[in-house]
Amino acid sequence: MKFTRKANANWKGTGMEGTGTISSQSTTLNNAQLSFKTRFAEGVGTNPEELIAAAHSGCFTMQLSFLLNEEGFVADDLSTEATVTFEDGSITLIHLELKGKVPSITAEKFTEIATKAKEICPISKLLKTEITLGVNLI
């Protein structure tokens, strides 16, 4: 399977005082606000690190669902929070915190499958940083 997806960013002005927008092909993001404040402080809008966290948590959780299905399990609920750490101009860590409710699976098997999902998720493979995983079967 091969496909492409697009997004567009626009910026006007200086790095600190300027403003920008981000839009996605699906229009889920449609001129979402981007600024110094949304990236480095607490402003209304989004930022690249938050978008990476959203992409990684979504990709990992979907990959985990496929792997669970391959092993004969169907999740009642999977929830992943991705925390991206930005430090000295680099993303130094992404921590995935998983909570899952999967009937008839052991905690050991769930952790095994989740670890594999972390390793083979396309976004994990793309990122060149440390990725950690916490697993909680509920």
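Here's a quick tour of helix 2 and the sheet it packs on. Keep in mind that this is a predicted model. The sheet is an open one, built from three strands in the order 4-5-6, and helix 2 touches each of strand 4, strand 5 and strand 6.

**Helix 2 from end to end**
- Helix 2 covers residues 48-70, which makes 23 residues.
- From first C-alpha to last, helix 2 reaches 33 Å, close to the 33 Å expected at 1.5 Å a residue.
- Where helix 2 starts, N47 has a side-chain oxygen that comes to within 3.1 Å of the backbone nitrogen of E49.
- After helix 2 comes G72, with a positive phi near 90°.

- Buried residues of helix 2 include E49, A53, H56, F60, L64, L67 and L68.
- C59, S57, T61 and Q63 are also buried.
- The buried residues of helix 2 pack against other helices, namely helix 1 (36-40), helix 3 (107-120) and helix 4 (122-126).
- They also pack against strand 4 (77-87), strand 5 (90-101) and strand 6 (130-137).

- Strand 4 and strand 6 are the edge strands, each pairing on one side only.
- Going from one strand to the next, the twist averages 15°.
- Strand 4 pairs with strand 5 in the antiparallel sense, over 11 bridges.
- Looking across to strand 5, you'll find I91 opposite F86.

**Helices on the sheet**
- The direction of helix 2 makes about 145° with that of strand 4.
- Helix 3 lies across strand 4, strand 5 and strand 6, and runs at about 150° to strand 6.

Methods. Residues numbered from 1 in each chain as written. Predicted model: local features only at pLDDT ≥ 70, side-chain atom pairs only at ≥ 80, totals over all residues. Heavy atoms only, no water. Helix = DSSP H or I, 4+ residues; strand = E, 2+ residues; numbered from the N terminus. Expected span 1.5 Å × (residues − 1). Buried < 20%, exposed > 50% of the residue type's maximum accessible area, 1.4 Å probe, protein only. Contact = heavy atoms within 4.5 Å. Polar contact = N/O pair within 3.5 Å; in protein donor to acceptor, adjacent residues only side chain to side chain. Pairing = 2+ DSSP bridges. Axes fitted to C-alpha atoms, helices over the stretch in contact; angles between N-to-C directions.
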